[in-house]
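Thanks, everyone, for making the time this morning. I would like to walk you through the aromatic pairs and then the pockets of the structure that I am putting up now.

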Amino acid sequence: MSQPVPADAISGGPVDIGARRYTGVTTYKRKQFPARLFDGVETIEKTELGSEEEGYPVGSTEMGIIVDAGPLELVCMESLPEWGDPGDGCFPAMLGTIGDQRTYEWGMGTDDFLREGKPLELFSIDDYSTGEARTVWIGGTDGTDVASVELIGVDGTHVEATVAAGTPVPDETMFWGTVTGDLAMAVTRDADGDLLERHEVKPCNSPVECEVR
């Protein structure tokens with residue numbers, strides 16, 4: 001995480017999708033926060049969240065204290081040389097920024113959702129920028145036929161997502177939108193308004209399961 005990404009590795013974007021990167025107090029050096037705050041969070045990590053067998057987490061937010069670490073941006077990037085596998089073309093990823101340096105934060109699995117015949121996938125990012133808990137949903141699907149996407153909440157609310165067909169990922173479609181409350185499904189349509197896909201959000205019970213919906 002937070003691995004430096006040189007500018008020449010970014011093929012498409014960056015695109016501001018309204019998402020921000022959040023992390024925990026102990027991600028930073030001790031001197032960057034008041035001692036009482038840093039020590040208190042570290043104590044919770046060591047005593048309540050950790051164990052002698054598995055160690056303890058660093059940078060956790062389970063105690064309800066989060067640090068706004070700046071914007072997240074959507075790009076299409078090439079594999080970095082140190083990763084060993086150059087891959088085939090660029091892939092969608094989320095980048096943060098530390099100072100003037102963009103950093104790799106996370107990718108989107110195997111990118112199978114951008115292959116022909118595969119269903120779209122949804123990825124979620126927590127958003128606290130307005131003071132209330134919201135979620136930025138990012139989706140992707142094969143090809144560039146998608147002209148509009150509706151994000152439908154479990155309470156029946158509708159959010160029109162921003163659709164980027166052919167950019168930042170060449171020949172593919174990415175979309176995003178911010179939702180308050182739980183998301184039920186994403187509905188994609190072509191330029192004529194015809195239904196392309198009705199994707200129901202998958203249930204999940206663990207952080208890993210909930211990464212891709």
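Let me begin with the ring cluster, in which W83, F91 and Y104 are linked by ring pairs, and please keep in mind throughout that what you see is a predicted model. The count of aromatic pairs comes to 6, and one of them is formed by Y28 and F33, whose rings sit edge-to-face at 5.7 Å centre to centre, with 70 degrees between the planes. Y28 counts as partly exposed, because its relative accessibility is 25%.

Another pair is formed by W106 and F123, and this one is tilted, with 6.5 Å centre to centre and 40 degrees between the planes. W106 belongs to strand β5, residues 101–107, and F123 to strand β6, residues 121–127, so this pair ties together parts that are 17 residues apart in sequence. Of these two residues, W106 is partly exposed, with a relative accessible area of 25%, whereas F123, at 2% relative accessibility, is buried.

W106 comes up again in the largest pocket, which holds about 1100 Å³ of space: its lining has 28 residues, and those nearest the centre are Y22, W106, S124, D126 and E211. The elements that contribute two or more residues to that lining are β2 (10–23), β5, β6 and α2 (207–211). By class, the lining of the largest pocket divides into 13 nonpolar, 9 polar and 6 charged residues.

Finally, the second largest pocket has a volume of about 350 Å³, and among its 16 lining residues D88, G89, C90, F91 and D111 are the closest to its centre. Its lining comprises 7 nonpolar, 4 polar and 5 charged residues.

Definitions and conventions. Residues are numbered from 1 along each chain as its sequence is written. This is a predicted model: local features need pLDDT of at least 70, side-chain atom pairs count only at pLDDT 80 or more; totals for chains, interfaces and linings use all residues. Side-chain values use heavy atoms; hydrogens and water are left out. Rings of Phe, Tyr and Trp (its six-membered ring) pair if their centres lie within 6.5 Å; planes under 30 degrees apart count as stacked, over 60 as edge-to-face and the rest as tilted. Buried means under 20% relative accessible area, exposed over 50%, partly exposed in between (1.4 Å probe, protein chains only). Helices (H or I, at least four residues) and strands (E, at least two) are DSSP runs, numbered from the N terminus. On a 1 Å grid over the protein atoms alone, a cavity is a set of points where a 1.4 Å probe fits but cannot get out, and a pocket is an open set with protein on both sides within 12 Å along at least five of seven lines; lining residues have an atom within 4 Å of a point. Grid points are joined across faces, edges and corners, and a volume is the space filled by probe spheres set on the points. Ala, Val, Leu, Ile, Met, Phe, Trp, Tyr, Cys and Pro count as nonpolar, Asp, Glu, Lys and Arg as charged, and the others, Gly among them, as polar.
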